[in-house]
Amino acid sequence: MASSSPPAPPTSRPPPPFAPQNPKPVPGSLPAAFSSMQISRAPPPFAAPGGPPPGNGPAATSSIRAPPPGARPFLGSLPPPPFAARPAAPLQQPPPPFGGPPATLASQPQMQMQRPTFGGLLSGPRSQVQRAPFGEPPSGVPQQPPSFGGPPAAASQPDPFSGPPAATSQPPPFGGPPAAVSQLSPFGGPPPAAAPAQPAPIGGALYSAAQPPPFGGPPGAVPQTAPSGGLRPPFGWPPAQSQQVQFGGPPQFGGPRPGAQPPPFGAQAAPISQAPPFMGPPGGNAPTFVPPGWQGQSRPGAVPGGMQPSMRMSGMPGGMAPNALGQGMLPASTPTMPYSPHAGAQVSTPSKIDPNQIPRPIPETSVIIFETRQGGQAAVPPAASSEFIVKDTGNCNPRLMRCTMNQIPCTGDLLTTSGMPLALLVQPFALPHPSEEPIQLVDFGDMGPIRCSRCKAYINPFMRFIDQGKQFICNLCGFSNDTPREYFCNLGPDGRRRDADDRPELCRGTVEFIATKEFLVRDPMPAVYFFLIDVSMNAVHTGATAAACSAISQALSDLPEGPRTMVGIATFDSAIHFYSLKRAQQLPLMLIVPDVQDVYTPLQTDLILPISECCENLEQLLESIPNMFENNRVADSAFGAAMKASFLAMKSTGGKLLVFQSVLPSVGIGSLSAREADGRSNISTADKEAHKLLQPVDKTLKTMALEFAEYQVCVDVFLTTQSYVDIASISVVPNTTGGRVYYYYPFSALSDPAKLFNDLRWNISRPQGFEAVMRVRCSQGLQVQDYFGNFCKRVPTDIDLPAIDSDKTIMVTFKHDDKLQENSECAFQCALLYTTVFGQRRIRVINLSLSCTNMLSNLFRYADLETQFTYVVKQAANGIPSTPLSQVRDQVTNTCISILQSYRKYCTSVSSSGQLILPEALKLLPLYTLALTKSIGLCNDGRLDDRSYWASIVSSISVLLAIQLVFPRMIALHDLTSRDDDDSLIPSPLTLNSENIHDDGVYLLENGEDGYIYVGNSVDPVTIEQIFGVSSLAGVSNQLVLEQFDNELSRKVNEVVNEIRRQRCSYLRLRLCKKGDPSGDFFRSLLVEDKAPGGLSYVEFLVHVHRQIQSKMT
Ligand SMILES: [Zn+2]
């Protein structure tokens, strides 16, 4: 067992030919899925799918850059894309046979696998014992119809053809052969050429003996054929020869990826599929964890006990040097640093506050190496926003799971006193740093993962083996379990199992287990992608339909490869149009469902086909759709009905439903109405009922969403609109099914298609899993209070995630139900059962064990600012629909005040009440809190849809992006060329106040979603010409398409923008803001330190907080 890392699930795509020769990630290279994020070209030409990508893009620039001299291991502070990590694999394994057939590739891993140390696990008969995966039957799942057990669900669904379907008798609105429409024959027969289901290259080859066939149904039941030669049919151009040719860089709009970059679906399992990083004891790899940037790094100030001397005190962001207590002090009004043993940051009385001395984030400039445990205890993780490389030495990588506090209060009273939240932020598929070791995959064969027989917790490094190894004590419930005979191992003199360092599950905070049959209620589902496109009049006229078709067409090549990838498509206005894409048909067959109140799916088969069978037809159709509906006069949009009908088509498999919607849904089930004067009215604070407009209008869509989730259908909605669409109601569907809302408002056919394509491409190519169930367990003494995020919850203990991806974060809150023992550890374990895009069922287990404490001061010292603040942001978003905005803002501010007051009252002995004393770890809490009260979600101004959108994305946002969304980054662009070459790509951020904005400057402010480029009114025309290519900005649209011109400044600006997009895994939309224009005023409203009509300045806010604390103290 402990067979680490069966390589490369994405087997049907040959690995990059020169990965082995290029084992180091190229620091400057963009991730594959973002390689096209240049905006320096014209909007996508909606090229004919069959033709080569247009070669006229400026492209090239950002793609295959040479690493800058003296480059650090990576640039930017965000976890880089997973693919970058893949090239490391060949270091430890023989290079794969390049270009070999998939079978060869797939079998490669097998040779690399370590055999289990106990017998026959790969080949023995499978256990028939049915144990519930999480201690009880997975909720909801058992009711699912078997998907692949027989002919597709015909019997279990109402027969759509029981009556003469009106649909098929309608003439098609496009020039298809009418005869075909009225015939049923194309669907009547069995699927042609139903080759015996062939095991997926991955699962089948890798775990051929130990794993059920991917499609367990009778051969032929599923119309599935092996991909020819394992390679997908080329999408109109030969993949090999067009690589790197057309653009000289990564393709911009869905062209084939250059060979330099691994396939995106390396991402899915890349961390798992890499060669075993630890062939021996972990210590052996230590040298690899010393990148140049780390050496010689030192930190001022003594590091107190409990903090690891070699580590940065990275849970404490900011630049203050820690004093002897690990606290920093802020000088009140003098430039000296009056250290006091008890003080945190201090801010003096109102009159004396020096704006230059108040706490502000100071970004880390060097890479932090972080070992998750040292000296037998948890180390304090680096700030989420810093650059760090993690070595998992027992606790999980903090990217995957981090707690609001790094020591856990023993009692609920202590927690309450602190005013702080106790919560985990879990991002189970967070992108790793390329230098981090992959998560290892462990196969226990038929035995399945070892678990506590009482609480069903999974084996982990904190389970203690006793009695010479014959028993182990569960670290979560304390139960003493017998060690299974096959798993027995003697203990060493240190009391640990002698094999502990060789078994990932005993020495790593995060592992994945191959799920055994007991975790399956059906065969793992295929990767199904169903595209649903609004073709109503407005959608067509605004170019949204064409943009959607183009984006889909170009993103098709990024779908996971293999026979298990299936696609389907439908369009809708006031009716729903399905298409049968069978290859045999010359033209796609359209089937219309006119009844949008009681919808059905017109066919049980042929609507969703393996992509290898229908790719060409699909591309052809996508090309035709904009023309087919060019003259469409139907303004109504049956959004809800179309989703429902698509769901019915997907019901037997589950999958991803990607909806492109452009107008307010107006007819059919789930239709909506403009609730508030086109949604444009501001919500006045005086209107006590205003927040109700941020609630879903009724339960129709929620009910629908619950049904979708039950059948593992995840919905993503791309809103390409120029009007109010009631996001409050629409977002319920993605937020319940593990999806998200994408929002393009006001949609511009000029600037938005690039974003739409990149968003779609990342959506389908990022690491992700399907039909997931997640549960978090914790030590006795605590219990899970609630989960927050985009999922469906049927039972209190588990959440169901029809889909989960690398961007999604789930917050889990805890409460005490007993005491924890001081000097003991409190354990958290997240178990995520999911299906890979290649059809393998796995359990990702993420462990975090933290010290317990009775000391309030420890809670403050070990507080995690960014995680706590993310908790506050999510709570606020959660409250927006049910609470008047002013109250939400007050709650947010009061949370901040309560925490600081507790610190002031119990943890400091400074007598002067004239000083505001901030705990070092939380000294930025007031600034972030102020920013939150001024954010789109909480400020008084703003459209309903903007606020609803903000709340919907916050629901699943990661810690890193939550901070960025609320507290944006601003940099100067006009002087990029005068910076030193060895500076990082992105200049140091400027303080967010107007003192930093000069009339002759150009600035970029980005929040992870949008980038605002502000241009002063006396900027050198040469600078304007260089950046924008025009001598005057007078006629330039605010919806900016940034092009790259042949000058140094333009190149640098584009580099910066591309790097930010890469860091954020998001294709920032650019907005031009000009001084003297409303857009310029808007830009200034984003400077959170400034006094604003609806909000205090930073200094004023500190004074306010201080006064509140003083009044509470007296
Ligand atoms: Zn237990």
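This is a predicted model: local features need pLDDT of at least 70, side-chain atom pairs count only at pLDDT 80 or more; totals for chains, interfaces and linings use all residues.

Reader: How many helices and strands has the chain?

Author: Helices (H or I, at least four residues) and strands (E, at least two) are DSSP runs, numbered from the N terminus. The chain has 27 helices and 32 strands.

Reader: What percentage of the residues of the chain count as buried?

Author: Buried means under 20% relative accessible area, exposed over 50%, and partly exposed in between, with a 1.4 Å probe and protein chains only. Of the 1114 residues, 65% count as buried.

Reader: What share of the contacts in the chain joins residues at least 24 apart?

Author: A contact means heavy atoms within 4.5 Å. Among contacts between residues at least 6 apart in sequence, the share joining residues at least 24 apart is 76%.

Reader: Which residues are the protein donors of the zinc ion?

Author: Donors are N, O and S atoms within 2.8 Å of the metal (3.2 Å for Na, K and Ca); water is not among the atoms, so sites may look incomplete. Here the SG atoms of C452, C455, C474 and C477 lie 2.2 to 2.3 Å from the zinc ion. The donor residues follow the spacing C-x2-C-x18-C-x2-C. C455 lies in the loop between β9 (440-442) and β10 (464-466), and C477 in the loop between β11 (471-473) and β12 (480-482), so the pair ties together parts that are 22 residues apart in sequence. C477 counts as buried, at 9% relative accessibility.

Reader: Which geometry has the site of the zinc ion?

Author: Four donors count as tetrahedral if all angles lie between 85 and 135 degrees. The angles among the four donor atoms of the zinc ion are 102 to 116°, and the site is tetrahedral.

Reader: How does one check the length of helix α17?

Author: The expected span of a helix is 1.5 Å times one less than its number of residues. For the 14 residues of α17 (residues 752-765) this gives 20 Å, and the end C-alpha atoms are 20 Å apart, which agrees. Moreover, 14 of the 14 residues of α17 are buried, so the helix is largely enclosed by the rest of the structure.

Reader: Where does S662 lie, and is S662 buried or exposed?

Author: S662 lies in the loop between β19 (655-661) and α14 (700-710), and is buried with a relative accessible area of 5%. Leaving aside neighbours within four places in sequence, S662 is in contact with residues including D534, A539 and T720.

Reader: Which backbone features deserve attention?

Author: Most residues other than glycine have a negative phi, and most peptide bonds are trans. In this model, a cis peptide bond joins Y745 and P746, with omega about -15°. P746 lies in the loop between β21 (741-744) and α17. Q468, in the loop between β10 and β11, has a positive phi near 55°. C1065 also has a positive phi, near 50°, and is placed in the loop between α25 (1048-1064) and β32 (1069-1074). C1065 counts as buried, at 11% relative accessibility.

Technical notes: Residues are numbered from 1 along each chain as its sequence is written. Side-chain values use heavy atoms; hydrogens and water are left out. Four donors count as tetrahedral if all angles lie between 85 and 135 degrees; four count as square planar and six as octahedral if opposite donors are over 155 degrees apart and all others between 65 and 115; anything else is irregular.
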